[in-house]
Amino acid sequence: MIETKQQEMTADRILLGQKSGIGLFLQKLVKQRALVLMSVPFLIWLVIFKYIPLWGWSIAFQNYKPAKAFSDQKWVGLKQFKFMFSDDRFLVVLRNTLAMSLINFVLGFVTAIILAILLNELRKVAFKRVVQTISYLPHFISWVVAATIIQTILSADGGVLNEILMGLGFIKEPILWLGEGKYFWGILGVSEVWKNVGWNTIIYLAAMTSIDPAQYEAAEIDGAGRFQRIFHVTLPGIKPVIIILIILNLGQILETGFEPQYLLGNGPNLDYSENLEIFILKYGMNLGNYSLSVAAGIFKTVISVVLLFSANYLSKRLGQERLF
């Protein structure tokens, strides 16, 4: 009898806790109704443009023909996926995509953090602003213009890079930088750094402004030099931001872009410049094989989601910052 009453009391407490939890949620919802209403347009946009189009994924499992109704399409199951993974060209493209993405990932993070630290250490505000402005400008140049600048610099006929290297005696004759595939990944990595490093530093500089100046003062009183303050105050202060950005970027590891590869790529370097986006355009859209295009897009999405959740889970297990 006593056990039964105890069980009933426990059940009542649980129910009361659930009611109070729902009540607290509703109270917060009412208090923050302005923010909720402001988020409604975004949620509508998200549903219309991000979730409803997922219906189109069904095309990957069909032998899709644009002129036919949906009910008349022929279902082929995983045929497109099997063809994709058995195609040698797709494997080469996947290798290129991963290689370019990892190079951009490492160079992008390292250079952005180093530049942000250097800018943070500058004491002359005017000079700091000039450097920031110069580093930001390439981000606002379209890739069409940027690719033309890069091609001019790397040209074998009077290109600046070849002229400098020959003048210093490192090479005896001009090199066709964009005519040999082995140079393409490095060229793309340097080009991405040149174009985006200034823009990528913004979030790190913002994170550095939240570090308590008293920490720098205490470190200086304890005899810490400039490099010691960087390693023991600045870097730990922006560590949460670095981890969050790493997790987010790992979720986009297969998103290497389209414009730079398309504009800088050519016949001689095709085996190194062609990535998944160009593969989808060339072998899917241009040839009318829309099912293959969608299958490749699904593959990218699934890998991105798996990497995102895996990185977030690993960060959680290590006791670091995480997305959720």
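The legends below describe close-up views of one predicted protein model.

**Notes for all views.** Residues are numbered from 1 along each chain as its sequence is written, and side-chain values use heavy atoms, with hydrogens and water left out. Because the model is predicted, local features need pLDDT of at least 70 and side-chain atom pairs count only at pLDDT 80 or more, while totals for chains, interfaces and linings use all residues.

View 1. Helices (H or I, at least four residues) and strands (E, at least two) are DSSP runs, numbered from the N terminus. The C-alpha trace spans about 95 × 75 × 35 Å along its principal axes. Of the 324 residues, 32% count as buried; buried means under 20% relative accessible area, exposed over 50%, and partly exposed in between (1.4 Å probe, protein chains only).

**View 2. Gln32 sits in the loop between helix H1 (2-31) and helix H2 (33-51).** Gln32 has a relative accessible area of 45% and is therefore partly exposed.

**View 3. The largest nonpolar core has 24 residues.** A nonpolar core is a set of buried Ala, Val, Leu, Ile, Met, Phe, Trp, Tyr and Cys residues joined through side-chain atoms within 4.5 Å. Those with the most contacts inside this core are Phe109, Ile113, Tyr204, Leu205, Met208 and Ile238. At least two of its residues come from each of H4, helix H8 (184-209), helix H9 (213-221) and helix H10 (226-250). H4 gives the most, with 8 residues. Beyond its neighbours within four places in sequence, Met208 is in contact (heavy atoms within 4.5 Å) with Ala116, Ile117, Asn120, Thr234 and Ile238.

**View 4. A second, separate core has 18 residues.** Among them are Phe90, Leu276, Ile280 and Phe299.

**View 5. Helix H13 (residues 276-285) has buried residues Leu276, Glu277, Ile278, Phe279, Ile280 and Gly284.** Their cover includes helix H4 (88-121), helix H11 (259-264), helix H12 (270-273) and helix H14 (290-317).
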